[in-house]
Amino acid sequence: MVIGLLRCIVIFSLFLSISPLAHAQGEGNVWAFGHHNGLDFNQSPPEFIQTNNYTLESSAAISDAAGNLLFYTDGNTVWTTDGSVMPNGTGLIGNGGWMDIPGSCTQGVTIVKSLVNTQQYYVFTLNAAEEVSVNTPGYLRYSVVDMSLNNGNGDVLTDQKNIVIDTGTTEKLAVTPGLSCSYWLVVHSATSPEYRAFKIDANGINTTPVISMGNWQGDMGGGQMKISSDGNWIASISTFMGSELELANFDKATGQISNFVSIPPPISGNIGYGIAFSPDNTKLYSGTLSAIAQFDLNLMPNVQDVINSMYSYQPFLQYSSMRNGPDGKIYIALYQNTPNIACINNPNEPGAASNFDPYALNQPTYAQITSLAGNPYGHGLGTDIVVLPGGDTLPNLAYDTAVCGPEVSLSASAGFESY
């Protein structure tokens with residue numbers, strides 16, 4: 001195309017054409033959770049796989065961009081892709097592991113790719129309520145896995161293991177991409193309305209948090225905290241706060257959280273646990289031990305209209321953690337003694353059109369079933385894996401050219417779309 005220039009300097013950037021394939025990122029394609037179970041989303045429908053994971057609630061697994069499993073963890077042990085214990089992969093602190101309740105923190109472990117070294121990954125852990133006392137308050141810690149070691153199968157670095165970042169934390173942890181190639185990791189105080197956002201970028205982890213004051217006073221109950229995929233909303237729920245949702249705006253540039261509002265549960269006083277945003281971020285789903293409800297965020301900032309938009313799903317079962325799948329669906333673990341996993345098949349759609357199936361998947365039994373605090377299958381599906389938009393590809397394939405003159409002719413190369 002021909003562009004006219006009049007005594008000015010213009011910077012042109014050549015970008016990759018945008019398509020579903022260009023945006024496909026497989027880092028969250030393989031899940032590990034519960035009683036030696038996992039789900040592989042590299043095919044449709046997803047297939048169950050056997051893992052060495054044994055956890056009541058949280059766990060984490062990460063793959064490469066092509067969806068090949070790299071490693072997984074319950075917050076205490078790190079396993080390689082073939083199920084072997086990673087060198088130095090035992091003794092991570094966090095996510096329960098005592099009182100015969102392994103992995104008993106709602107969001108007790110997650111994995112974030114380092115922006116300092118692309119071969120390294122941070123494994124963040126939180127303490128479970130059962131581990132917390134006056135002398136041992138809840139901790140946020142991290143360890144580092146280096147995938148360049150152990151013949152490419154990974155090694156936990158001994159000098160970067162169980163490093164404390166924060167204390168006095170709840171069981172909630174959420175990660176979202178920030179601006180300028182960064183992440184925000186958000187936790188909440190167990191004894192105050194503080195939300196604490198830690199920035200992760202090419203300088204590493206900034207251990208001085210950005211603090212925002214919400215309405216919820218914090219506690220050591222269960223329940224998830226989630227950030228919408230566009231990074232604009234944050235929501236939190238607790239088993240101790242009467243299942244009310246706290247919803248607020250998140251600022252990706254600063255880490256600040258503002259405009260806090262409360263949304264009541266579908267059944268008053270019922271114990272809350274799961275939260276999920278629809279892929280298009282127009283719907284918020286709230287789960288309690290008796291119901292699933294959908295709220296329409298298009299109606300914000302009119303909070304009452306959002307509350308009035310509530311759609312509650314039948315049948316009433318005991319629902320637990322929610323997780324967005326790579327296939328655009330929302331999966332829901334069940335709290336009671338059942339192998340079933342529920343699914344919201346079309347979560348962007350309103351009400352019944354979202355196609356809720358309470359018995360979508362049936363977990364296989366890979367080992368002799370033993371008790372996980374009353375639920376032998378566990379009631380977690382693993383924590384969300386968050387990667388920067390475009391992964392490592394787009395920033396490295398953007399070319400800038402400065403030109404000055406009356407006219408210049410530009411042609412896009414094959415595979416590129418626009419300037």
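Guide: Let's start with a term. A strand is a DSSP run of E with at least two residues, and strands are numbered from the N terminus. One more: a pocket, on a 1 Å grid over the protein atoms alone, is an open set of points where a 1.4 Å probe fits, with protein on both sides within 12 Å along at least five of seven lines; lining residues have an atom within 4 Å of a point.
Guide: This is a predicted model: local features need pLDDT of at least 70, side-chain atom pairs count only at pLDDT 80 or more, and totals for chains, interfaces and linings use all residues. Residues are numbered from 1 along each chain as its sequence is written, and side-chain values use heavy atoms, leaving out hydrogens and water.

Visitor: Which element gives the largest share of the lining of the largest pocket?
Guide: Strand β16 does, with 5 residues.

Visitor: Which residues lie nearest the centre of that largest pocket?
Guide: S229, N324, D384, I385 and V386, out of 46 lining residues.

Visitor: How many of the lining residues are nonpolar, polar and charged?
Guide: The lining has 18 nonpolar, 22 polar and 6 charged residues. Ala, Val, Leu, Ile, Met, Phe, Trp, Tyr, Cys and Pro count as nonpolar, Asp, Glu, Lys and Arg as charged, and the others, Gly among them, as polar.

Visitor: New topic. How many aromatic pairs are there?
Guide: The structure holds 13. Rings of Phe, Tyr and Trp (its six-membered ring) pair if their centres lie within 6.5 Å; planes over 60 degrees apart count as edge-to-face. One of the pairs is F41 with Y331, edge-to-face, at 5.5 Å centre to centre and 70° between the planes.

Visitor: Where do F41 and Y331 sit in the chain?
Guide: F41 is in the loop between β4 and β5, and Y331 is in strand β30, 290 residues apart.

Visitor: Are F41 and Y331 buried or exposed?
Guide: Both are buried. Buried means under 20% relative accessible area, with a 1.4 Å probe and protein chains only.

Visitor: Which rings link into a cluster?
Guide: Y285, Y311, Y313, Y319 and F356 do, through ring pairs.

Visitor: And H188, where does it lie?
Guide: H188 lies in strand β17, residues 183–189.

Visitor: Why is H188 called buried?
Guide: Because its relative accessible area is 0%.

Visitor: What does the side chain of H188 reach?
Guide: The side chain of H188 reaches the backbone oxygen of E194, at 3.5 Å.

Terms used. Helix = DSSP H or I, 4+ residues; strand = E, 2+ residues; numbered from the N terminus. Buried < 20%, exposed > 50% of the residue type's maximum accessible area, 1.4 Å probe, protein only. Polar contact = N/O pair within 3.5 Å; in protein donor to acceptor, adjacent residues only side chain to side chain. Phe/Tyr/Trp six-rings, centres within 6.5 Å; stacked < 30°, edge-to-face > 60°.
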